[in-house]
Amino acid sequence: MARRELGPAGLAVVQAVEPWTRSGRVRVACSGGPDSLALAAAVAHLAGRDASLALRAEALTVDHGLQAGSARVADDVARRLDDLGLPTRVAAVTVDRADPAGLEAAARTARYAALSTGLVDGDVVLLGHTLDDQAETVLLGLARGSGTRSLAGMAPGVALASGALLVRPLLGLRRATTADACAEWGLPAWHDPQNLECRFARVRVRERVMPVLEAELGPGVAEALARTAELARADADELDAVAARVVGSRDGTPQELPVPSLSGLPEAIGGRVLRRWLIGLGVPEPSFGHVRAVRALVTDWHGQAGVDLPGGIRIVRERGVLRQGPRDDG
Ligand SMILES: Nc1ncnc2c1ncn2[C@@H]1O[C@H](COP(=O)(O)OP(=O)(O)OP(=O)(O)O)[C@@H](O)[C@H]1O
């Protein structure tokens with residue numbers, strides 16, 4: 001397979017992936033779906049021409065253990081990737097079903113932990129998210145009333161604590177391209193039945209909303225939404241950098257924020273400063289409403305009581321500073 005002629009779709013996938021295969025260990029995260037299968041096939045193709053990459057490339061399939069027969073599906077995927085010449089491991093993970101963030105988030109946490117294990121500086125993990133996934137993410141964010149950070153969608157690359165990189169090389173390619181690439185390579189993809197379950201908002205966006213948008217607004221809608229993500233990311237990065245400088249403290253998160261340092265800040269920065277500070281204090285995932293309530297202690301001060309937040313944290317305004325106060329209930 002590795003030596004077979006490339007078709008146009010396969011070539012597009014190979015070209016997107018190649019820059020991320022030049023050094024370090026290259027680990028493909030493969031669920032067996034068409035996107036990550038095309039990704040794995042592209043790496044196998046490149047490894048067939050590059051002896052050094054052949055020694056560094058591998059795939060990992062995570063068995064979340066949440067669906068009947070998941071171990072068999074994972075083993076099948078691993079066998080097919082092995083057949084492509086890509087050494088593949090199955091990582092069986094335990095998903096915390098009691099995670100307050102929900103089952104999907106718990107599965108994601110377990111998956112990313114498994115994918116990141118054992119990597120060192122310079123290694124990469126390749127994920128198969130496509131432009132369509134990005135467009136769906138932006139649309140879901142718009143429907144929630146998200147700001148630029150959320151509209152930025154999925155990052156093209158994220159540095160892990162180990163120094164390894166998590167990369168999404170296919171964010172510029174349509175899902176149709178990865179499906180075509182699998183067909184060109186003669187690789188039957190596994191189709192997760194959950195990807196058709198309309199109880200998930202993302203599935204409804206994919207199956208029902210995007211086709212209507214493309215029919216009514218033109219076939220470039222997905223590309224346009226993905227561009228919105230790129231523009232929003234650039235803006236959000238700048239604003240976050242400014243906010244980081246305002247909160248900045250060499251000794252970690254400051255315990256107090258002086259009100260005068262906050263009151264003159266524009267909304268785009270003030271909200272970010274507070275959000276960052278609250279996360280630093282240990283508030284898990286402060287919502288827009290939480291941040292707005294804390295910001296009102298600065299911008300709409302009329303002696304109100306403190307603001308109770310998740311994580312058992314209460315923020316009060318006292319003697320010209322914001323800081324943690326005792327909870328009413330304890
Ligand atoms: N069980 C898994 N094992 C390894 N990697 C996974 C697994 N599930 C998801 N991933 C990685 O995360 C990416 C996005 O996952 P998502 O659930 O959106 O797609 P998918 O339904 O698995 O299909 P596809 O492989 O076509 O993206 C995948 O492309 C893959 O790189």
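Reply: Helices (H or I, at least four residues) and strands (E, at least two) are DSSP runs, numbered from the N terminus. The model is predicted: local features need pLDDT of at least 70, side-chain atom pairs count only at pLDDT 80 or more, and totals for chains, interfaces and linings use all residues. Residues are numbered from 1 along each chain as its sequence is written.

The protein chain holds 13 helices and ten strands. Of its 330 residues, 35% are buried, a residue being buried if 20 or more other C-beta atoms, placed from the backbone, lie within 10 Å of its own.

A nonpolar core is a set of buried Ala, Val, Leu, Ile, Met, Phe, Trp, Tyr and Cys residues joined through C-beta atoms within 7 Å. The largest such core has 57 residues, and those touching the most other members are Val-13, Leu-39, Ala-40, Val-43 and Leu-86. Helix H2, residues 34–47, gives the most to this core, with ten residues. Beyond its neighbours within four places in sequence, Ala-40 is in contact (C-beta atoms, placed from the backbone, within 7 Å) with Val-28, Cys-30, Ala-59, Leu-81, Leu-84 and Leu-86. A second, separate core has 16 residues, including Leu-262, Val-273, Leu-278 and Leu-322.

Conventions:
Buried ≥ 20, exposed ≤ 12 C-beta atoms within 10 Å, placed from the backbone. Contact = placed C-beta atoms within 7 Å.
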